[in-house]
Amino acid sequence: MKKKILLFIAQNEWIKPAFGFLGLFILSITFSPISNKGTLIFLKLDNLTNILRQVSEIGIISVGMTLVILTSGIDLSVGSVLALSATMTAFGIMDWQLGFFFTILLALFTGVVAGFISGAITSWGKIQAFIATLSMMVAARGFALFIAGNNSRNIGFGNGAAPESFRIFTNTYLGIPFPVYIFIIITIIFAIMLNKMRLGRYFFAIGSNEEAAQLAGLRVKWIRTSAYVFSGLLAALAGIIHSAQLYQGNPNDGVGFELDAIAAVVIGGTSLSGGKGTLVGTFFGVLIIGILSNILGLHGVQKDFQLMIKGAIIVAAVLLQEQNFFKKGF
Amino acid sequence: MKKTISILILFVAMIAVFSACGKKSETEKVRPKVIGFSQCNSAEPWREAMNQQMQNEAAKHPEIKLIISDGNQDNSKQLADVENFLVQEVDLLIISPNEAQPLTAIVEKVHKSGIPVVILDRKIMSDAYTSFIGADNVLIGEMAGKYAAKVLNGKGKIAEIWGLKGSTPALERHEGFVKALADYPDIEVIYEQDGAWLRRRGREIMENVLQRFEKIDLVYGHNDPMAIGAYLAAKNANREKDILFIGIDGLPGAEGGIQAVENKELSATFVYPTGGKEAIETALKILAGEKVERNITLGTRTVSLDEGK
């Protein structure tokens, strides 16, 4: 019986983050502050939708980050690409008057280009992903500041400003904010791609053994580049949502988002050495980070302790991912 | 099996502790009213002083409980902070917004839900608030200008070190200063530069000024740290005796401007009040059902060795 359970856990990498999520959820309910009317604040519908809305940007970025990490790469540029896309969105819809559709297209295209450059430098330039995307992180931030003239651009509505259709990103449908739907749909689409489609399986193949993949006739360089393109595209999508949430395109936003995304991916059980991981795991990883900052925020825990606790959680999560840890530790 | 039992015991213990907490709060007769304060960035000395004042004032009133959240100078973070206050059902919100536009929608939502809102220092782009408390930077700049004219006897050369160019406080502190000096044609502002509120920049700028100009009579910094930075540069060049330094903010504490005046580094500083105390006082009035003024402008005062503290 015990063996069977261990085998099941070993075969399904998302089980551990799912249990982690469940444990944290129960813990949060147990330690939830109580409102004046005696209800548990953590479990209020408003609070739960707040958590989902707050994690949706990091969540969407983490999907792309998972793809890149599966190919044993890393993408440090996502925070800057988010800022660039948010800036493009604000200027596109306000100053350049491109309208809803073309503004979104422009912002997404910016992300695709950034991702393609990172991927191409890594694949054909044979430069480590860390360095290539670090350069992109710096350059994209610079370009965003250049576009914005070092200032942030506010988004307003009405004549000569943003069209009403842009409100779709800030609206709530059936009690759930729109970005949450995007986050969940994106996760589902890419989970299907990873498991059912060829390209998805190729990511795993490259990550676990690049040489073998090459010998098997895979176009490794193109496949790897496509992972970065997806990452850039999703970062740009998160950027559009970001600008809509804050009614502002700010070239200085998104600092440190790459670290949150990497943390979510790692907590979700994806191995940084590539070839092993799941998007379901990442999904739970994102929720774990979101719930953690929510419950700490509700208790008024200050930044110093929040950061220390986050650090400890990441280490604990990675230790639990180690296959041998269970056998040795218990 | 042993493990399962121990986990079970742990869980039961947790529930016991938790339900005990629940009982305790029921027996408390009067729950304190909760005031949530969303600070945009606690890492600035001036804002830290604001938090401190609020905590001191709130400590005098056991009928209220003050919770302070730190937005880390990040609009998204501050938005989440206010959302947390909303689900926590605070009785009153005090907010000092990081930027106007990104926080306008959430403050409107809070105000619409019936929670009174007190806005501190920076405005939002809506009139959905109960009371706004802030100081008048133009007035403070004008006081600085008048002081400068007085100590220079109506004649002299001035270097002005700006706060972050484009920011409202910097523009207003400049505007007031220029306005006060308009009556003194012999006073000349010979150099202006953006010091971005930073002590380090104040020092760098002053080093350049000292190289370029042989005679400077007064340095006006848009805040104390920049004025102190300029003083340090002059001291390095052994010219600090010939120049007067004035700044704005007048914070208490070892690093603050008041101490710098006592150390004779600055000849004067003009207090830019944080409004922390006034915010709590206003909040108490609102919670007691009293009427409060919609716009409260805070006064300032001059701190210099001859004018007292």
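1. Chain B contains ten helices and twelve strands, where helices (H or I, at least four residues) and strands (E, at least two) are DSSP runs numbered from the N terminus. This is a predicted model, in which local features need pLDDT of at least 70 and side-chain atom pairs count only at pLDDT 80 or more, while totals for chains, interfaces and linings use all residues. Residues are numbered from 1 along each chain as its sequence is written, chains are lettered from A in the order in which they are written, and side-chain values use heavy atoms, with hydrogens and water left out.

2. Of the 309 residues in chain B, 51% are buried, a term that stands for under 20% relative accessible area, against over 50% for exposed and in between for partly exposed (1.4 Å probe, protein chains only). Among the contacts in chain B with a separation of 6 or more, 72% join residues 24 or more positions apart, a contact being heavy atoms within 4.5 Å.

3. The domain assignment of chain B, which is automatic or taken from a database, gives domain 1 as 32-129 + 274-298 and domain 2 as 137-271. Taken over C-alpha atoms, the centres of domain 1 of chain B and domain 2 of chain B are separated by 32 Å.

4. Turning to the interface, 23 residues from chain B and 33 residues from chain A take part in the contact. The area buried between chain B and chain A is about 2500 Å², with 51% of it from carbon and sulfur atoms; buried area here is the accessible area (1.4 Å probe) that two parts lose on being put together, summed over both.

5. Two salt bridges are found across the interface of chain B and chain A, each being a side-chain nitrogen of Lys or Arg within 4 Å of a carboxyl oxygen of Asp or Glu. In a salt bridge between Arg53(A) and Glu83(B), the N to O distance is 2.8 Å. The elements giving two or more residues to the side of chain B that touches chain A are α1 (2-27), β2 (64-70), α3 (75-87) and α4 (100-112) of chain B, and α3(B) gives the most, with seven residues.

6. Asp70(B), which lies in strand β2 of chain B, counts as buried because its relative accessibility is 11%. A polar atom of the Asp70(B) side chain lies 3.1 Å from the backbone nitrogen of Ser42(B). Leaving aside neighbours within four places in sequence, the residues in contact with Asp70(B) include Gln302(A), Ser42(B), Lys77(B) and Asp81(B).

Terms used
A polar contact is a pair of N or O atoms within 3.5 Å; within protein, one must be able to donate a hydrogen and the other to accept it, and residues adjacent in sequence count only if both atoms are side-chain atoms.
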